[in-house]
Amino acid sequence: MTELRDQVDTRVHRWVRPDITGLAAYPVPDSTGLLKLDAMENPYGWPDALTAQWQEVLANAQVNRYPHPEAPGVKDALRTVMNIDPRWEILLGNGSDELIQLIAMAVSGADRTILAPEPSFVMYRMIARFLGMDYVGVPLTAEFELDLELMLSRIEREQPAVVFLAQPNNPTGNLWGDEKLRRIIEAAPGLVVMDEAYTAFTEADYLNWLDDYPNLLIMRTLSKVGLAGLRLGILIGDPAWLEQINKLRLPYNINNLTQLSAQFALEHFDVFEQQTAELTRQRHVLQQQLAALPGLKVYDSQANFLLVRTGPGQAVALHAALRDAGILIKKLDGSHPLLADCVRITVSFESENQQLLSALERHLNNA
Ligand SMILES: *Cc1c(COP(=O)(O)O)cnc(C)c1O
């Protein structure tokens with residue numbers, strides 16, 4: 001047995017790319033039994049009547065058959081709900097993570113670079129690594145604003161194949177302002193992907209900028225709206241771009257159950273709109289309440305989470321204390337120099353937010 005074990009290890013190291021064996025896998029902490037305020041999920045379930053209707057729809061699913069390769073029912077429903085002009089094509093992914101991967105694959109190659117402001121969504125960097133591409137992270141200012149001059153000079157120097165701009169940004173929650181965004185899109189020689197994962201929680205909406213720029217794509221997801229378990233990401237843009245990216249998509253990437261469920265959910269989208277509107281209200285309330293606690297700095301957010309800075313060196317203990325109290329939030333301290341002492345808290349409904357606040361209050365008063 002040990003001999004086989006050794007042989008496996010030898011061959012793994014001989015054949016798997018060294019830049020892959022050197023990577024750490026994306027950590028997803030065990031959340032069993034914990035109140036989950038770490039991953040920007042919608043905490044609401046569906047009304048019972050809607051669940052019953054959905055289950056009827058699923059009862060007719062033919063899982064012995066391959067799904068429709070283009071998911072036209074889902075795309076039509078998306079066009080209606082998101083008001084997508086017929087001039088633009090839609091490409092669906094197994095979450096927007098898959099879309100990031102497909103976009104990167106389409107432009108990858110020796111000396112091809114992905115550029116993004118930092119800190120931002122970590123998958124931009126990780127996927128660049130998976131594909132052996134160069135990744136350039138351009139630091140935000142200390143207040144998480146876009147450093148326009150630095151961005152422009154890095155774009156000029158690196159000539160990136162893709163620039164990813166998350167608006168609102170994760171994990172900082174803020175918007176960077178139309179003027180700066182326009183300057184960046186105009187300066188970028190390659191694609192610019194505006195990642196609108198949090199579109200349900202903000203007034204900002206860059207879909208109509210597709211009219212202005214030949215190098216812009218808009219990316220969205222149903223995850224943060226309340227369908228994280230479905231895995232459905234949405235890429236919107238000019239058919240000429242999407243036609244090429246689509247060639248890299250594996251056939252049937254959107255399975256039968258996802259197609260039926262997404263179409264059903266989109267036909268009842270008012271339910272999700274009410275939920276996300278309430279979560280947006282709760283974000284304002286929670287921001288005030290957190291800011292009133294001793295020693296915490298809370299940043300303005302346009303998303304369904306709040307970025308919080310603790311006193312110096314306090315983030316790890318605060319994260320652990322909440323965990324001991326049965327609450328899981330995201331520790332950001334250590335992930336990027338600008339995020340020292342930071343944690344990220346997903347906004348939930350009132351009673352769960354109160355549970356968080358009481359636990360935080362107990363911890364901060366004992367610290
Ligand atoms: C959560 C998130 C995504 C990924 O969403 P999925 O559709 O669940 O893969 C993409 N971009 C940003 C900025 C996010 O925060």
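The legends below describe close-up views of one predicted protein model.

Residues are numbered from 1 along each chain as its sequence is written, and side-chain values use heavy atoms, with hydrogens and water left out. Because the model is predicted, local features need pLDDT of at least 70 and side-chain atom pairs count only at pLDDT 80 or more, while totals for chains, interfaces and linings use all residues.

**View 1. The two domains of the chain.** The protein chain is divided into domain 1 (17-47 + 271-366) and domain 2 (60-269); these bounds come from an automatic or database domain assignment. Taken over C-alpha atoms, the centres of the two domains are 24 Å apart. Across the boundary, 32 residues of domain 1 are in contact with 36 residues of domain 2, contact meaning heavy atoms within 4.5 Å.

**View 2. The seven-stranded sheet.** An open sheet with mixed pairing has its seven strands in the order β2-β8-β7-β6-β5-β3-β4. Strands (E, at least two residues) and helices (H or I, at least four) are DSSP runs numbered from the N terminus, and two strands pair if DSSP finds at least two bridges between them. At the edges are β2 (89-93) and β4 (134-139), each of which pairs on one side only. Neighbouring strands of this sheet are turned against each other by 25° on average, direction ignored; axes are lines fitted to C-alpha atoms, for helices over the stretch in contact, and angles run from 0 to 180 degrees between N-to-C directions.

View 3. Strand β3 (residues 113-118) pairs with strand β5 (residues 162-166) in the parallel sense over two bridges. L115 has V163 in β5 as its bridge partner. In the loop between α5 (96-107) and β3 lies D111, a residue other than glycine whose phi is positive, near 65°. The loop between β3 and α6 (122-130) holds P119, and the peptide bond from E118 to P119 is cis, with omega near 0°. A cis peptide bond also runs from Q167 to P168, with omega near -10°; P168 is placed in the loop between β5 and α8 (178-187).

View 4. Four strands form an open sheet with antiparallel pairing, in the order β9-β10-β13-β12. β9 (297-298) and β12 (330-331) are the edge strands with a single partner each, so one side of each has no neighbour in the sheet. β9 and strand β10 (residues 305-309) run antiparallel and are joined by two bridges, with V298 opposite V308 in β10. Helix α12 lies across β9, β10 and β13 (342-346), at about 15° to β10.

**View 5. The second largest pocket.** This pocket has a volume of about 350 Å³, a volume being the space filled by probe spheres set on grid points that are joined across faces, edges and corners. On a 1 Å grid over the protein atoms alone, a pocket is an open set of points where a 1.4 Å probe fits, with protein on both sides within 12 Å along at least five of seven lines, and lining residues have an atom within 4 Å of a point. The lining has 16 residues, and T199, A200, R220, F269 and E273 lie nearest the centre. Nine of the lining residues are nonpolar, three polar and four charged; Ala, Val, Leu, Ile, Met, Phe, Trp, Tyr, Cys and Pro count as nonpolar, Asp, Glu, Lys and Arg as charged, and the others, Gly among them, as polar. α4 (72-82) and α12 (269-291) each supply at least two lining residues, and α12 gives the most, with five. Domain 1 and domain 2 each contribute at least three residues to the lining.
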